[in-house]
Amino acid sequence: MFPEPVDPQRIFVLLETFAVLGPNTAKDATMPRYYFDLRDDKGIALDEEGLELASPRAVRAEAAKSLADMARDAVLSAPPTGGRQTMAIDVRDAGGPVMQLTFWFEIETPASRSQSGDH
């Protein structure tokens, strides 16, 4: 149940690495922070907090999840027949825009289709 003894040579290597790389190495290795601004027909909500994400794929996944949540809420609160609604997630980092995901929808019922002349 006792911890394994520490190899003195390993400690020496770690101390040497710290001396070469310096104390800010861990701070410099942080993941980039991305901000997900929500935009719809009513305006824009800026993300002031952001998220630290490790890869472009993780950024896309988070943007898609946010847009899906936004779309679900918009569809559920939309009038039964209304015009097209557009929404987007604008992703940015410290350097500026990174990507934009846009989604639009329009709710149609059989009655609204016959009124517009579409068959």
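## Basis of the description

The model is predicted, and local features need pLDDT of at least 70, side-chain atom pairs count only at pLDDT 80 or more, and totals for chains, interfaces and linings use all residues. Residues are numbered from 1 along each chain as its sequence is written, and side-chain values use heavy atoms, with hydrogens and water left out.

## Overall fold

The protein has four helices and five strands. These elements are DSSP runs numbered from the N terminus: helices are H or I runs of at least four residues, and strands are E runs of at least two. Along the sequence the pattern reads α-α-β-β-β-α-β-β-α.

Of the 119 residues, 20% count as buried. Buried means under 20% relative accessible area, exposed means over 50%, and partly exposed lies in between (1.4 Å probe, protein chains only). Among contacts with a separation of 6 or more, 48% come from residues 24 or more positions apart; a contact means heavy atoms within 4.5 Å.

## Pairing of the strands

Strand 1 (residues 33-40) pairs with strand 4 (residues 85-93) in the antiparallel sense over six bridges. Two strands are said to pair if DSSP finds at least two bridges between them. Strand 1 is also joined to strand 2 (residues 43-45) by three bridges, again antiparallel, and these two strands form a hairpin with two residues between them. Two bridges link strand 1 to strand 3 (residues 51-52), in the antiparallel sense.

Individual residues illustrate this pairing. R39 has A88 as its bridge partner in strand 4 and I44 as its bridge partner in strand 2. The partner of R33 in strand 3 is E52.

## Helix 3

Helix 3 (residues 56-77) has 22 residues, which at 1.5 Å a residue should span 32 Å; its end C-alpha atoms are 32 Å apart, in agreement. The expected span is 1.5 Å times one less than the number of residues.

The buried residues of helix 3 are V59, A63, S66, L67, M70, A71 and A74. Seen down the helix axis, these buried residues fall within an arc of 140°, so they line one face of the helix. The arc is that of the directions from the axis to the C-beta atoms. This buried side packs against strand 1, strand 4 and strand 5 (96-105), whereas the face turned away from it carries the exposed residues R57 and L76.

## The buried residue D37

D37 is found in strand 1. With a relative accessible area of 4%, D37 is buried. The side chain of D37 makes a polar contact with the side chain of R92 at 2.6 Å and reaches the backbone nitrogen of D47 at 2.8 Å. A polar contact is a pair of N or O atoms within 3.5 Å; within protein, one must be able to donate a hydrogen and the other to accept it, and residues adjacent in sequence count only if both atoms are side-chain atoms.

In soluble globular proteins, nonpolar side chains tend to be buried together. The largest nonpolar core here has 14 residues, of which Y34, F36, V59, M87, I89 and V91 touch the most other members. Strand 1, helix 3 and strand 4 each give two or more residues to this core, and helix 3 gives the most, with six. Such a core is a set of buried Ala, Val, Leu, Ile, Met, Phe, Trp, Tyr and Cys residues joined through side-chain atoms within 4.5 Å.
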